[in-house]
Amino acid sequence: MSVKIPRVFNIQRFSVHDGPGMRTAIFFKGCPLRCAWCHNPESQAFDPEVMVSLEGSEEVIGRRYSVTELVEEATAEVLYYDQSGGGVTLTGGEPTCQDADYLEQLAVALQMRGISVGIDTSGVGPADTFSRLAPHVDFFLYDLKFIDDPAHRFWTGASNALPLRNLELLASLESSIYLRLILLEGLNTDRDAIEATMTWLTERGIGVAGVNLLPYHRFGMDKYARLGRPAPAEFTTPTPETLTRIRRQVESRYPRVTIGG
Ligand code: SF4
């Protein structure tokens, strides 16, 4: 069976927001969701597209990288990983929607070189992909957007049934999971919404290594115009009071809570 080589739209070195330590974040192009607040709209289409750079020139976003090429890119920073406890994080887009054979080969190749592998996911990839990746991945950054399915459908364009099933699957495989909650004031920040999320997790006995609260921000919104797309909806960043209350609420069930990635 032939492996379908995915496209990558960015390789960010020395990232401190994509898991522990200093990491190389590899951004795969393509995502089945259409979150209304998406900060990386150039990540959504699987095909290449033209985006105007900050300098005003046209750039083609997305090129294919073989496993060998990505391993070479990743191993260039091994010293920094060792010193900081970092590694590589596969992100996007939605990395788990890329070819499962490719992803497994990449994770195994990095693992064999002693490089920590993290995956940043919204949980919308096939269950089989998660099962195959889990033994080769050190942690999953699991972005849960809305526990309420109608809200998830409305704001992301898809049901949360698959992400919730995959979250249960990873927990059953005893994967290390950092739950990431994107917080949009007035949409998913009220006490009941947070309580519903925590209850869903605890009722299923899902343990997480930590919870990252990610307040909405508007960084990256200029990219829509640079892609020739209409401006996205504007949401409200949670107030410090809201964040403090949510932090306390979450901490009552899961003590390791951080604000930000
Ligand atoms: S899951 Fe992430 S990449 Fe995909 S549309 Fe939502 S915010 Fe954008």
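1. Two strands count as paired if DSSP finds at least two bridges between them. By that rule, strand S1 (residues 7-15) and strand S2 (residues 23-28) pair, with five bridges in the antiparallel sense. Within this pair, glutamine 12 stands opposite alanine 25 of S2. Keep in mind that this is a predicted model.

2. The sheet as a whole. Nine strands make up an open sheet with mixed pairing. Their order is S5-S1-S2-S6-S7-S8-S9-S10-S11. Strand S5 (63-64) is one edge, and strand S11 (257-259) is the other. Each of these edge strands pairs on one side only.

3. A helix on the sheet. Helix H1 (residues 67-75) lies across S1, S2, S5 and strand S6 (87-91). H1 runs at about 15° to S1.

4. Now to helix H7 (191-203). H7 has 13 residues. From first C-alpha to last, H7 reaches 18 Å, close to the 18 Å expected at 1.5 Å a residue.

5. Which residues of H7 are buried? They are Ala193, Ile194, Thr197, Met198, Trp200 and Leu201. These residues cover an arc of only 155° around the axis, so they sit on the same side of H7. An α-helix has 3.6 residues a turn, so residues three or four places apart point the same way. On the other side of H7, Asp192 and Glu203 are exposed.

6. What covers the buried residues of H7? The cover includes strand S8 (139-144), helix H6 (161-172), S9 and helix H9 (240-251). Two of these, S8 and S9, are also strands of the nine-stranded sheet.

7. The start of H7 deserves a look. Aspartate 190 is in the loop between strand S9 (177-183) and H7. Aspartate 190 caps the N-terminal end of H7. One of its side-chain oxygens lies 3.1 Å from the backbone nitrogen of aspartate 192. A polar atom of the aspartate 190 side chain also lies 3.1 Å from the backbone nitrogen of alanine 193.

8. Is aspartate 190 buried, exposed or partly exposed? Its relative accessible area is 38%. Buried means under 20% and exposed means over 50%, so aspartate 190 is partly exposed.

9. A link across the chain. Aspartate 190 and isoleucine 246 are 56 residues apart in sequence. Their C-alpha atoms are separated by 8.4 Å.

10. Glycine 205 follows the helix. The phi of glycine 205 is positive, near 65°.

Conventions: Residues are numbered from 1 along each chain as its sequence is written. This is a predicted model: local features need pLDDT of at least 70, side-chain atom pairs count only at pLDDT 80 or more; totals for chains, interfaces and linings use all residues. Side-chain values use heavy atoms; hydrogens and water are left out. Helices (H or I, at least four residues) and strands (E, at least two) are DSSP runs, numbered from the N terminus. Contact means heavy atoms within 4.5 Å. Axes are lines fitted to C-alpha atoms, for helices over the stretch in contact, and angles run from 0 to 180 degrees between N-to-C directions. Buried means under 20% relative accessible area, exposed over 50%, partly exposed in between (1.4 Å probe, protein chains only). A polar contact is a pair of N or O atoms within 3.5 Å; within protein, one must be able to donate a hydrogen and the other to accept it, and residues adjacent in sequence count only if both atoms are side-chain atoms. The expected span of a helix is 1.5 Å times one less than its number of residues. The arc is that of the directions from the helix axis to the C-beta atoms.
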